Amino acid sequence: MDLGSTFYNVWRCIHIANNKNDLKVNGEIKVSELMVIGPNGEQMGVKSIHDALTLANYAGLDLVLMSGSSNPAVGKIMDYNKFKYEKQKKQKEAQKRQRETNKEIKEYRLSVVIDIHDFETRVRNAKMYLEKGHKVKAQVRFKGRQMAHPELGRDVLNKFAENLNEVSTIETAPKMEGRIMYMLLAPKK
């Protein structure tokens, strides 16, 4: 073996060892013998740890302990960095699919005495969000003596829904909970 490949193998082992992972790799494996699975999925039989590490090193790959609790333990010869990369890629893809199925709800806080410009800004932002297919929750918080006039808050929410009626439908009519009145708008199909 030349110095370059030796350095590369040592670097790989150190790099893999520094990353916190749930699978034991190469020198981390502390079993005396294990069932070895080759890089193409073929079973190579029960081998001592030293022989398995030699096979993995000869192939330029890593020995990964897949199941340490079985008898004998199972180890696979593979490129561990590629395995981790593909695993992360699958997780990201699953998270992306989950985000698409669970559309988010965006909350907009309004006030009984909201300024016209602030109101129009919130309507414009809510419209963009509804066009993306998400739901919008508009709420009005009553402070102090405003509690005596809940119809003012209902008027603000109805005006909000009226300005968004071309892109949304009212899923939940204005409802009072404590000091907060809210309504839920869903995008039109």
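## Close-up views of the predicted model

**Figure 1. Glycine 41 lies in the hairpin of E2 and E3.** In this hairpin, five residues stand between the two strands, and glycine 41 takes a positive phi near 90 degrees. The structure is a predicted model, in which local features need pLDDT of at least 70 and side-chain atom pairs count only at pLDDT 80 or more, while totals for chains, interfaces and linings use all residues. Residues are numbered from 1 along each chain as its sequence is written, and side-chain values use heavy atoms, with hydrogens and water left out. Strands (E, at least two residues) and helices (H or I, at least four residues) are DSSP runs, numbered from the N terminus. E2 and E3 run antiparallel and are joined by five bridges; two strands are said to pair if DSSP finds at least two bridges between them. Within this pairing, isoleucine 37 stands opposite glutamine 43 in E3.

**Figure 2. Five strands form an open sheet.** The order of the strands is E1-E4-E5-E2-E3, and their pairing is mixed. Strand E1 (24-25) and strand E3 (43-48) stand at the edges with a single partner strand each, so one side of each is left without a neighbour in the sheet. Strands of a sheet pair through backbone hydrogen bonds, either parallel or antiparallel. The parallel arrangement is seen for strand E2 (residues 33-37) and strand E5 (residues 73-78), which are joined by four bridges. Helix H2 (residues 49-59) lies across E2, E3, E4 and E5, and runs at about 130 degrees to E3. For this angle, axes are lines fitted to C-alpha atoms, for helices over the stretch in contact, and angles run from 0 to 180 degrees between N-to-C directions.

**Figure 3. Valine 36 is found in strand E2.** With a relative accessibility of 0%, valine 36 counts as buried; buried means under 20% relative accessible area, exposed over 50%, and partly exposed in between (1.4 Å probe, protein chains only). Opposite valine 36 stands glycine 75 in E5. The C-alpha atoms of valine 36 and valine 74 are 6.1 Å apart in space, although these residues are 38 residues apart in sequence. Leaving aside residues up to four places away in sequence, valine 36 touches Glu42, Gln43, Met44, Gly45, Lys47, Ala52, Gly75 and Ile77, where contact means heavy atoms within 4.5 Å.

**Figure 4. The side chain of aspartate 62 takes part in a polar contact with asparagine 26.** Aspartate 62 lies in strand E4 (residues 62-67) and is buried, with a relative accessible area of 2%. The contact between the side chains of aspartate 62 and asparagine 26 has a length of 3.1 Å. A polar contact is a pair of N or O atoms within 3.5 Å; within protein, one must be able to donate a hydrogen and the other to accept it, and residues adjacent in sequence count only if both atoms are side-chain atoms. The side chain of aspartate 62 also reaches the backbone nitrogen of tyrosine 80, at 3.1 Å.

**Figure 5. Glutamate 166 forms a salt bridge with lysine 127.** Side chains of opposite charge can pair when their charged atoms come close. A salt bridge is a side-chain nitrogen of Lys or Arg within 4 Å of a carboxyl oxygen of Asp or Glu, and a search of the whole structure finds two of them. In the pair of glutamate 166 and lysine 127, the closest N and O atoms are 2.7 Å apart. Glutamate 166 lies in the loop between helix H5 (150-163) and strand E8 (168-177), and lysine 127 in helix H4 (residues 116-131), so the pair ties together parts that are 39 residues apart in sequence. Glutamate 166 counts as exposed at 51% relative accessibility, whereas lysine 127 is partly exposed, with a relative accessible area of 28%.

**Figure 6. Glutamate 171 forms a salt bridge with lysine 135.** Here the closest N and O atoms are 3.1 Å apart. Glutamate 171 belongs to strand E8 and lysine 135 to strand E7 (residues 135-141), so the pair ties together parts that are 36 residues apart in sequence. Glutamate 171 is partly exposed at 42% relative accessibility, and lysine 135 is likewise partly exposed, at 30%.
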